[in-house]
Amino acid sequence: MQENFRVKGKKLYFGYVDLEKAFDRVLREVIRWAMPNLGVEEWLVSAVMSKTVVRTVYGNSSGFEVKLGMQQGSSFSPLLFVIVMEAISREFSGLTLGAVVR
């Protein structure tokens, strides 16, 4: 693709997403935005966005709000990450190739 654009004298832009620490860097508000955009019902969005509690052998902590990142070790976190990536992908797929390449 790069060679075809170069031969035609057109500009081509590449994007790179480093997913190494992706779970740690996703803003919770991005999760809140992504879920309804993919048709997730509000009651489930509210459940996912509810306050976090830490459980220990000594009892549970008070609830607190998490603003950044997803729960490590949760089997639900990969699904949330896929939802975010899909919503972002759909948002950018609305751009036409002509709008990106001039």
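Serine 77 is in contact (heavy atoms within 4.5 Å) with Phe23, Met70 and Gln71, leaving aside its neighbours within four places in sequence. This is a predicted model: local features need pLDDT of at least 70, side-chain atom pairs count only at pLDDT 80 or more, and totals for chains, interfaces and linings use all residues. Residues are numbered from 1 along each chain as its sequence is written, and side-chain values use heavy atoms, with hydrogens and water left out.

**Serine 77**
- Serine 77 is found in helix 5 (helices are DSSP runs of H or I, at least four residues, numbered from the N terminus).

**Helices 3 and 4**
- The axes of helix 3 (residues 28–37) and helix 4 (residues 42–49) come within 10 Å and cross at roughly 165° (lines fitted to C-alpha atoms over the stretch in contact, with angles from 0 to 180 degrees between N-to-C directions).
- Helix 3 is therefore roughly antiparallel to helix 4 (angles over 145 degrees).
- Helix 3 contributes Arg28, Ile31, Arg32, Met35 and Pro36 to the contact, and helix 4 contributes Glu42, Leu44, Val45, Val48 and Met49.

- Valine 48 is in contact with Arg28, Ile31, Met35, Phe76 and Leu80, leaving aside its neighbours within four places in sequence.

Methods: Helix = DSSP H or I, 4+ residues; strand = E, 2+ residues; numbered from the N terminus. Parallel < 35°, antiparallel > 145°, perpendicular 65-115°, else oblique.
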